[in-house]
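I set out to record, entry by entry, what I looked up in this structure.

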Amino acid sequence: MTGSQRIAAPPLHVGMELRSAARQMTRERMRRYVDAQPTVAADDGRIHTQEPTIHDDDAFARSQGLPGIIADGMISTNWILGLLLDVFGRDAAEKGRLRTKYVKPIYEDQTIVSCARVESIHKEKEEETIFRLEVWCETDSGIKVTVGEAVVHSTDR
Amino acid sequence: MAIGHYVTDLAPGDVLGPVEFVLSPFVVREYCHAVELHQEYFQGSHDQIVPPTLVHLQKLRLYQHACPAGTGPTARVHVEYDATYHEAIRAGEKLRAVGKITDRYSKRERDYVHLEIELRAAADGRLLIAYRDTVILAYSKKDAA
């Protein structure tokens, strides 16, 4: 889900698990992130590409000891952020913390699901609730490839 | 000190930057397209904000500023992202980033490097994001699984 509003969901409670739709880590998805990097750096209104990387060039990846291209970890980090945005709205982009560790490579065409589990809920102020969550990405076999934690300061607005 | 050489030469205590820049509405939209963040507050032209994950690419900006010789002989592998964000960043806002290499160590014959980046509003110095990035700087063939 990628709408601009929070998803319609029952109130969150400790232990509740949130899961995104499954997505395949295609070559195109990997390449888009590779090209985003020089595009952001140049910031001249045009799309830029870069030299071969381990994320878009099989021969280069093999020269670096990998069996083939692997996804940039920031793709899975952003997919986890997307899940949090679906649940909490833009609050998840404004104040909080996201930590992700890439414990296994994601190879071409692996199916990935972004997940979060509510660890604690704390009312900090009248208008703000702090959610702590365990977050991860897993394959369709349930193997965790990215793990971490998130803190979201959710406002009542 | 490895400033001015390769990224693979960076050592604890090295300071990268500061650099000042603006993240235009265009690059925010392009980045968000690439990572499938299609929310209107990233894609629209009104009150557009920056996804906090975009702080990661400021590492590359700092690398390019501090290490003009380039990456070095081996590819980097990103290991960990850890960002604490304090308030929304607006597209088009002038920003200042500074980085510091806080640790470098070897584990299982791989070189790990920690870089801490502070992203602040250029206008008044407000801290917007504190980011710690961990990479493997040397991922050689013998390390392959």
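**Conventions.** I noted that this is a predicted model, in which local features need pLDDT of at least 70 and side-chain atom pairs count only at pLDDT 80 or more, while totals for chains, interfaces and linings use all residues. Residues are numbered from 1 along each chain as its sequence is written, and chains are lettered from A and ligands numbered from 1 in the order in which they are written.

**Chain A as a whole.** I looked up the secondary structure of chain A and found four helices and six strands. Helices (H or I, at least four residues) and strands (E, at least two) are DSSP runs, numbered from the N terminus. Along the sequence, the pattern of chain A reads β-β-α-α-α-α-β-β-β-β. Its C-alpha atoms fill a box of roughly 55 × 40 × 20 Å along the principal axes. Of the 157 residues in chain A, 41% are buried. A residue is buried if 20 or more other C-beta atoms lie within 10 Å of its own, exposed if 12 or fewer, and partly exposed in between, with C-beta atoms placed from the backbone.

**The two chains together.** I then asked how many residues of chain B are in contact with chain A. There are 39 residues of chain B in contact with 35 residues of chain A; two residues are in contact if their C-beta atoms, placed from the backbone, lie within 7 Å. On the side of chain B that touches chain A, the elements giving two or more residues are α1, α2, α3 and β2 (77-85) of chain B. β2(B) gives the most, with eight residues. By class, this side of chain B has 20 nonpolar, ten polar and nine charged residues. Ala, Val, Leu, Ile, Met, Phe, Trp, Tyr, Cys and Pro count as nonpolar, Asp, Glu, Lys and Arg as charged, and the others, Gly among them, as polar.

A:T100 stands opposite B:Y81 in β2(B).

The axes of helix α1 (residues 27-42) of chain A and helix α1 (residues 25-34) of chain B come within 9 Å and cross at roughly 165 degrees. α1(A) is therefore roughly antiparallel to α1(B). Axes are lines fitted to C-alpha atoms, for helices over the stretch in contact, and angles run from 0 to 180 degrees between N-to-C directions. Angles under 35 degrees count as roughly parallel, over 145 as roughly antiparallel, 65 to 115 as roughly perpendicular and the rest as oblique. I listed A:R32, A:Y33, A:A36, A:T39 and A:V40 in α1(A) as meeting B:V27, B:E30, B:Y31 and B:A34 in α1(B). This contact has six nonpolar, one polar and two charged residues.

**Local backbone features.** Which peptide bond of chain B is cis? I found that the bond from B:G17 to B:P18 is cis, with omega near 10 degrees, and that B:P18 is in strand β1 (residues 15-22) of chain B. A:D109 is not a glycine, yet has a positive phi of about 70 degrees. A:D109 lies in the loop between β3 (96-102) and β4 (111-125) of chain A, and counts as exposed because it has 10 C-beta neighbours inside 10 Å.

Technical notes. Pairing = 2+ DSSP bridges.
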